[in-house]
Amino acid sequence: MPNFIDHLIEESKRFLNGRAQINDDIGQEAAKFVMREIPPSIGTFEKSNSPLIRWLEEAIQFGSSETEGLLKALKPVLPFLPWKYNYKPRPDMPDLGSRMGWGEILGPEAPFRDEHFCYGFTLLGKNTFYPAHYHPATELYIVLSGHAEWTLDGVTTVRHPGEFVLHPSNRIHSMRTTEEPLLALYTWSGEDVVTLSKYV
Ligand SMILES: [Fe+2]
């Protein structure tokens, strides 16, 4: 597994490095990950028993020529990511925890420990709504597979594989999938990457 993880991190950095050459908000955010030194892993990657793993096979089917290299590097790692959904339960949406979640590789509680930066992958099953939420961290997503509706500050856009999406600190955003699951790489940066999202 360690070799697969190292390869995935390398491929992720390579992908973001292309975008980091453009000096705008997204490029600067991408550069933070490219420049980040990855510490040695102190955790282990065990096969996940999260309910999310039922989506994995399908979740890599909706990439593009741009993202297929990264999806290929991700495929052997996906079942071993520490998939979780650790937000406060919502009585109105009791099945959220089995429909969406994230597997974090780098972060305050991830196998590669970093108190100030997160990197991982978010997964939404088909026909799933990730409700409006906000968090202090600045969030960068790269859509790897799946066409979903992404909403930021009330404006909704269908995002395609290969697109970068920036959610500045504490801005309200949501995602909705229909017939395709969504798999996306994410990073969190800023003063506070520990405070979890809050639903609106
Ligand atoms: Fe977010």
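In these legends, buried means under 20% relative accessible area, exposed over 50%, and partly exposed in between, with a 1.4 Å probe and protein chains only. The model is predicted, with local features needing pLDDT of at least 70 and side-chain atom pairs counting only at pLDDT 80 or more, while totals for chains, interfaces and linings use all residues. Residues are numbered from 1 along each chain as its sequence is written, and side-chain values use heavy atoms, with hydrogens and water left out.

View A. Phe62 is partly exposed, with a relative accessible area of 22%, and belongs to the loop between helix 3 (56-59) and helix 4 (68-74); helices (H or I, at least four residues) and strands (E, at least two) are DSSP runs numbered from the N terminus. Leaving aside neighbours within four places in sequence, Phe62 is in contact with Leu144, Ser145, Gly146, Pro161, Glu180 and Pro181, where contact means heavy atoms within 4.5 Å. Of these residues, Glu180 is 118 residues from Phe62 in sequence, yet their C-alpha atoms are 7.2 Å apart in space.

**View B. The iron ion site.** His135 (NE2), Glu139 (OE), Glu139 (OE) and His173 (NE2) are the protein donors of the iron ion, at 2.1 to 2.6 Å from it; donors are N, O and S atoms within 2.8 Å of the metal (3.2 Å for Na, K and Ca), and sites may look incomplete, as water is not among the atoms. Along the chain, these donors follow the spacing H-x3-E-x33-H. Glu139 lies in strand 6 (residues 138-145) and His173 in strand 10 (residues 173-176), so this pair ties together parts that are 34 residues apart in sequence. Glu139 is buried, with a relative accessible area of 3%, and His173 is likewise buried, at 1%.

**View C. Aromatic rings around Tyr87.** Ring pairs link Tyr85, Tyr87, Trp102, Tyr130 and Tyr199 into a cluster; rings of Phe, Tyr and Trp (its six-membered ring) pair if their centres lie within 6.5 Å, and planes under 30 degrees apart count as stacked, over 60 as edge-to-face and the rest as tilted. A search of the whole structure finds 13 aromatic pairs. In one of them, the ring centres of Tyr87 and Trp102 are 4.6 Å apart and the planes are at 40°, so the pair is tilted. Tyr87 and Trp102 are both buried. The rings of Tyr87 and Tyr130 are also tilted, with centres 6.4 Å apart and planes at 45°.
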